[in-house]
Each structure stands twice: as structure tokens, then as C-alpha cells.
Protein chains: 2
Amino acid sequence: MSTALELTPKQKRPAGEPCCEPLVYPAVRPAEAERMARIAKALGDPVRLQLVDVLRKHAGKVCVCELVPLFDLSQPTVSHHLKRLREAGIVGSERQGLWAYYYVLPEALEELSAWLS
Amino acid sequence: MSTALELTPKQKRPAGEPCCEPLVYPAVRPAEAERMARIAKALGDPVRLQLVDVLRKHAGKVCVCELVPLFDLSQPTVSHHLKRLREAGIVGSERQGLWAYYYVLPEALEELSAWLS
DNA sequence: CCTAAGCATTGACAGACGTGAAATCAATAG
DNA sequence: CTATTGATTTCACGTCTGTCAATGCTTAGG
């Protein structure tokens with residue numbers, strides 16, 4: 001996971017024509033790339049992407065017990081995916097009595113969304 | 001990678017109050033989720049995200065020999081990342097003589113971009 | 001032909017990932 | 001307190017991933 005981007009000078013060419021004229025520069029900073037890749041990685045699983053989709057469309061807090069039957073997965077596995085989304089900062093959670101409610105933190109997706117547009 | 005989303009009926013509740021009233025529905029189809037997760041997964045590495053960024057900003061075909069020195073990685077590793085991007089349909093490549101040129105396929109990012117907005 | 005350059009592929013390895021079963025934690029009901 | 005229910009964590013397993021070294025392939029130049 002090296003993200004140095006040190007812009008080392010082009011390797012010397014032996015004598016032939018250069019492979020391409022213009023030198024290419026990176027446009028995103030390593031820190032940005034790291035943040036956005038973290039978000040993208042968390043969304044890089046169909047289950048998690050659908051979890052985020054359900055939570056976003058619902059515009060409120062959703063109980064885990066509502067999410068589990070949507071997937072053909074064990075409840076601990078769904079919990080695991082929710083944890084990954086929490087660790088990525090994409091969702092937040094809250095306990096109310098016996099139940100746990102999850103909700104999207106929209107600002108987490110903004111940077112990636114802006115970059116993609 | 002189960003993406004069944006079969007909307008199985010809620011499990012029976014023993015007698016107490018239900019955990020939450022409204023039934024939550026998935027908004028993206030499994031096939032969409034699979035496609036977008038594939039794209040997101042490919043972008044889920046800082047090196048690949050920066051590769052895409054460079055290619056996008058450059059708005060043209062970029063030689064691999066330009067990309068390799070941007071990263072503190074071996075040439076085969078960069079080639080591996082480019083291959084993953086190619087397999088995800090995010091970039092295309094073309095050989096011209098000794099050199100290989102890569103370019104972004106913008107339509108590959110559209111669906112994910114739209115979903116994120 | 002032979003050599004060299006640019007890029008891709010293979011092999012190997014450590015670490016991360018997705019999944020389920022089982023155990024554990026938290027909170028409510030009796 | 002005890003039992004029960006919802007949710008998280010732990011453990012185990014096979015698979016995938018990122019990386020490099022070494023090798024192979026393709027093209028250009030002698």
C-alpha cells in the first residue's frame with residue numbers, strides 16, 4: 001500500500017525516441033487517495049453496498065433485525081459487515097434497549113462522490 | 001458474496017413490542033450492487049485510485065513507463081494494478097510499438113458516481 | 001540472427017477478507 | 001436472580017490480495 005508519489009525523474013532513455021512526451025502528474029494527494037480508497041474498499045462488497053443503500057434510502061435509523069432477513073447470510077456475518085462500515089466511518093450505530101440501530105453518515109461519502117463526478 | 005435479497009418475511013416476534021415498525025426494502029437490485037461493488041472494490045486501493053486519477057486528469061492515453069515512476073513500487077506490481085483496473089472495466093489499454101498506453105473508460109464510473117450522489 | 005527495452009505473467013509468501021459456528025455480552029421480562 | 005432475545009465477538013477455515021523476484025513475451029535495432 002505504498003502511496004509515495006515521489007515524482008522521481010523519468011528513467012533515462014537509451015537514445016531512441018521517448019515513449020511519450022508529457023510528464024504525468026498525480027492530482028490527488030496521497031492522504032486523499034488513502035481516505036477515498038478506504039471508503040471505496042468498504043463499499044467494495046455487494047452486501048455492504050446494499051446495506052448502505054438501504055440505510056441511505058431509509059433516511060433514518062434502521063434496526064439490525066430489519067437488515068438481517070434482507071440477506072441470505074447469518075446474523076453475525078451481517079453484523080461483521082456493519083462493523084466494517086462503522087470502521088470506515090460510513091455508518092454510525094446506536095443502541096436502544098435490546099436493539100441496535102444503524103444510520104448513514106452522509107459526509108463520509110462526499111469526498112469520493114465529488115472525486116467521481 | 002451472497003446477494004440474494006429475498007425479502008424473507010420478518011421472523012416471528014415472541015410477544016413483546018416489535019423492534020421497529022416499517023419494513024425496510026432494498027433499493028438497488030443485486031445485479032446493480034454487484035456491478036457497483038466491483039468498481040468500488042477496484043478503486044479500493046490507494047495505488048489504483050491514484051492511477052485512475054492520473055489517467056482521468058490526463059484525458060488521453062498514458063504510457064506505463066510514465067506511471068511506474070510515480071509510485072514506489074516495482075513495475076510488475078504497477079502492471080498488476082493496471083490489470084485489476086482493466087478487469088474491472090475501468091481502464092482500457094493499447095499497445096503501440098514497444099509501449100503500452102492506458103486510458104480511462106469514463107462510462108465505467110458513471111453508475112457508481114450516480115448512486116453516490 | 002542476436003540483443004536490449006518495455007511490459008506482462010508466474011511463483012511465492014504474508015496478511016487481509018468473507019463466512020459460519022460457537023461463545024459472549026447487553027438488556028429486558030418474568 | 002434467571003431465562004430469553006438481540007447483537008457482537010471469537011475462532012476457524014478457505015480464498016483472495018498486494019508485493020517482489022524471476023521469468024517470459026513482444027517489438028525495435030544492430
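The exercises below, each with a worked solution, concern a predicted model.

**Exercise 1. Composition of chain A**

Determine how many helices and strands chain A has, and in what pattern they follow one another.

Solution. 
- Step 1: Chain A has 5 helices and 3 strands.
- Step 2: Along the sequence, these elements follow the pattern α-α-β-α-α-β-β-α.
- Step 3: Of the 117 residues in chain A, 34% are buried.
- Step 4: Among contacts in chain A with a separation of 6 or more, 59% are between residues 24 or more positions apart.

**Exercise 2. The sheet of chain B**

State in which order the strands of the sheet in chain B are arranged, and explain why one side of β1 and of β2 has no neighbour in the sheet.

Solution. 
- Step 1: The sheet of chain B is open and consists of 3 strands in the order β1-β3-β2, with antiparallel pairing.
- Step 2: β1 (62–63) and β2 (91–96) of chain B are at the edges and have a single partner strand each, so one side of each is left without a neighbour in the sheet.
- Step 3: β1(B) is joined by 2 bridges to β3 (residues 99–104) of chain B, and the two strands run antiparallel.
- Step 4: Within this pairing, Cys63(B) stands opposite Tyr101(B) in β3(B).
- Step 5: Helix α2 (residues 46–58) of chain B packs on the sheet and touches β1, β2 and β3 of chain B. The direction of α2(B) makes about 85 degrees with that of β3(B).

**Exercise 3. The surface near DNA strand C**

Describe which residues and elements surround DNA strand C.

Solution. 
- Step 1: DNA strand C is surrounded by 30 residues, of which the closest are Thr77(A), Val64(B), Cys65(B), Pro76(B) and Ser79(B).
- Step 2: Two or more residues each are given by α4 (75–87) of chain A and by α3 (64–67), α4 (75–87) and β3 of chain B.
- Step 3: The largest share, 6 residues, comes from α4(B).
- Step 4: By type, the surface near DNA strand C has 15 nonpolar, 10 polar and 5 charged residues.

Note on methods
Residues numbered from 1 in each chain as written. Chains lettered and ligands numbered in written order. Predicted model: local features only at pLDDT ≥ 70, side-chain atom pairs only at ≥ 80, totals over all residues. Pairing = 2+ DSSP bridges. Helix = DSSP H or I, 4+ residues; strand = E, 2+ residues; numbered from the N terminus. Contact = placed C-beta atoms within 7 Å. Axes fitted to C-alpha atoms, helices over the stretch in contact; angles between N-to-C directions. Near = placed C-beta within 6 Å. Nonpolar A, V, L, I, M, F, W, Y, C, P; charged D, E, K, R; others polar. Buried ≥ 20, exposed ≤ 12 C-beta atoms within 10 Å, placed from the backbone.
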